[in-house]
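Open the structure in your viewer and colour it by chain. The stops below move from one selection to the next.

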Amino acid sequence: MSKPRTGLLVRTDACLGCMACQVACREENGFAYSEKWFEMIRQKPKTVDGEIRNYHLAAPQLDKCAFCMEKDHRPLCTVVCPTRCIHIGNEDALLEAMQGKGDWQLMIKGDR
Amino acid sequence: MQTERKRTVCTGCHCRCGAVVYTQDNEIVRIEGDADSPYSHGAFCGSGITERFVHSDDERLTVPLKRVGERGEGKWEEISWDEALEMLAGKVRDVIDRYSARSIVVAQGTSRTSNDWGQRLKATIGNLGWGMAPLHVCLIPNIMPHVLTLGAGQMHGADVAHAKTIVLWGVSAINLLPEYKEILRQKDEAGAKVIVIDPRFNDLANNADLYLRPRPGTDGALFLGLMNIIIKEQLYDKEFIDSWTYGFDELAEMVLEWTPEKTSETTWIPAELIEEAARTMAGEKPTTIYPMLGPSCMHTNAIQSGRALTCLTALLGPVDVPGGFMYTPGGGPASSPELTLIPPDWNFNAPEANLLDGDKYPAFAAFGNANVPYSTFDAVLTEQPWPIKMMVFVANDALNCYEASPKVFEALASPNLEFIAVKDFYLTPTAKMADLVLPSSSWSERDTIDEEMFKGLIISNPRAVDPPGQCWDDWKFYLEWGRRLNPELWPWADEKEMVLWRVKLLHGIELTWDEYAEGAYFETDACKVGAEFKKYESGKLRPDGQPGFMTPSGRIEFFSHVTESLGYEPLPVYHEPLESPVSTPEVAKDYPFVLTTGFRLYSFFHSAWTNVPGQRELYPYPFVLINTKDAAEKGIFEGDWVEISSPRAAIKAKAQVSEEIGAGVIALPRPGWRQACKQLNLPGYNWDEVGINTLLPGGPGTTDKSFSTAPMRSTLCQIKRLENSDV
């Protein structure tokens, strides 16, 4: 049986875009300042049907997320998130989490 | 290597999140939120976890420095703490001999837990009160109206965890991180409605049910407009209002003119939206209002806007119910005369209180207990009404803190000011002007306590690591400085003894250090009182045990004689900001945009940490928000360097173009100033080229009439694309 696929899930209507996850990734992994393994893409408020709306998006390097899952503690990005809206895990667990209330952004690392 | 787990509290901002710091050999390896914290429940932020960098950064100040060249020249000599403290104590004695204690001014920034010890130190010198803390633009303009109207010494009474309607008014998401999960849960599980009111479409608005965008500085009018609808449509609890409030008829008559149409014209919010908001607030109760600095601080109409806020709070009563406005007596900033050495009956409005311009701004003297900052810098230059010879700034970068920064610089550069000491983490612009610079320890390096935000709880705050070099926390600094001035007033061996003495004094709990550090969470008597509801019925809000509120009438005061005695109308009358398109149309011809400054970012705290790469990466350049439509008219594109000018000065910033801010309004976050960040190869930007406070007016006729609040959130400006826009 092949290894389960892993990924990252964000509840976008709970995400404030505070970027603590992005800072956490740098703190946790200590990569060079010229590198960036995870970015919180803050979108700007825009008009939709005459109303202003907004939400933010996560842009991880998914191979690095898989690497974080193997540590002896939970990935710092998920722990530091003030709304606990970000999850890293196996595909099944993430699909399960998505059954809860909210809007979701799911990214799965495919086989190559 | 052994990894140790240390629990403490991050005191880096007002959120006071519980922290878990993992360490190896006095180095920090990882920081998480404290999931067991009964206050923050594990919440944390990006800024807080970069403490790891701050703790080990070799560019941090770690040794006392004495100026050896000219002031501001940047030539320093490393000295010992002993020598530094002798200089400080010697200069205090010298100034008192030649002038008097009032010629010495000790200033501070936002407390890193040391408010009351700072007051004790000032009292040791001979100055009672807050010295020159920037209380005119902090949360006191929120607290004061809560005292006047509701008899509550609190900056708000929000209980978001149980509310059916949650009104987030002029508060940024960063201030709500420990509590945002509760809001989300209340929305998901109880169907709570969220109303966000802010000139900026901030992240809390992303999922709000209603978003109202007032013109900056007109919140006072919006409160009145909401009350107009609630009273006209009789959406209030008549029995509560009749039994427990004072001056309702006068209030009702006053708000008659604030029809939705008139309120809309003043605030720029559509009338239908104002009506919908009023009906939601008064319909789906309990309703809780969470205000921060936005609505009723940092405006020239600050105190009356705060009065209007607190009157609306009462009108949405009954108060002191779960999910409504909660009274937390014993919470808030704790203090006592034994600690601050301020006698309980001390009159800060009397001439012998020696507060600069206390007579001109009686509300500030009474509730701020401090020298009026602009007047103090002016007194350095004019030596009137008395000379100022020595200034000490503790975690206060004056050039990025007070309004009218050029005036501050002029004072700091003046030969009249004989001695400047600055205690901070890095060499700030103000520290560069100092004669003595003192290194400060950061939150993970302090053995301390601060219960201000915990609603009666004590959450202990032991150090996780030892500070680098000779960094001292503020308690130790005040102790050692105070001891040299009057050893009898400073009998403690160290800051740990001070913590334990304070816990016993304020809360009656006797602990050893280990019990304090390891016990982590302690309930005080205030928790028990705070957990009871409708305490005004049981007499628990008044020291005399009588039912009612801690106001002169014993009722919630829509009509307030005390407010009148401080120089305001007894009712919360709306006044236009002193500089606005309405009040100064001639100024608005050249400066047509409303300017609001100082909204919070997720990185930085006030002017600190702009050099910390994990934080700076998120906001590399000073920037300004402009609406899409305005940008198009001005030929400004995303990322352009633009000039923002006021009748006072001009600064530059990079444009961010979007709907985040409304048309006709320009918003500048704090800070503009950036310290260079070598790890990211990003330059520094000095206060005089990007500092937002340079744009603001200062002095007589430009502030709240009795509280001296500077209009950081509502003035006028112009904006234009800089010719050479890639600089």
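Buried here means under 20% relative accessible area, exposed means over 50%, and partly exposed covers what lies in between. The model is predicted.

Start inside chain B and select Asp435(B) and Arg71(B), whose side chains meet in a salt bridge (3.2 Å, N to O). Asp435(B) sits in the loop between strand 13 (419–424) and strand 14 (436–439), and Arg71(B) in the loop between strand 4 (65–67) and strand 5 (76–78), so this pair ties together parts of chain B that are 364 residues apart in sequence. Asp435(B) has a relative accessible area of 6% and therefore counts as buried.

Next select Glu643(B) and Lys720(B), a salt bridge with its closest N and O atoms 4.0 Å apart. Glu643(B) belongs to strand 20 and Lys720(B) to strand 23 (residues 715–721), 77 residues away in chain B. Both are partly exposed: Glu643(B) at 23%, Lys720(B) at 45%.

Then show Asp82(B), Glu86(B), Glu480(B), Arg483(B) and Arg484(B), which a network of salt bridges links.

Now turn to the contact between the chains, with 35 residues from chain A and 40 residues from chain B. In chain A, pick out Leu16(A), Glu27(A) and Tyr33(A), which supply 20% of the area that chain A buries against chain B, more than any other three residues. Together the two chains bury about 3200 Å², 58% of it on carbon and sulfur atoms.

How many salt bridges does the rule find across this interface? There are five. Glu638(B) is partly exposed at 44%, as is Lys44(A) at 29%.

How values were computed: Residues are numbered from 1 along each chain as its sequence is written. Chains are lettered from A and ligands numbered from 1 in the order in which they are written. This is a predicted model: local features need pLDDT of at least 70, side-chain atom pairs count only at pLDDT 80 or more; totals for chains, interfaces and linings use all residues. Side-chain values use heavy atoms; hydrogens and water are left out. Contact means heavy atoms within 4.5 Å. Buried area is the accessible area (1.4 Å probe) that two parts lose on being put together, summed over both. Buried means under 20% relative accessible area, exposed over 50%, partly exposed in between (1.4 Å probe, protein chains only). Helices (H or I, at least four residues) and strands (E, at least two) are DSSP runs, numbered from the N terminus.
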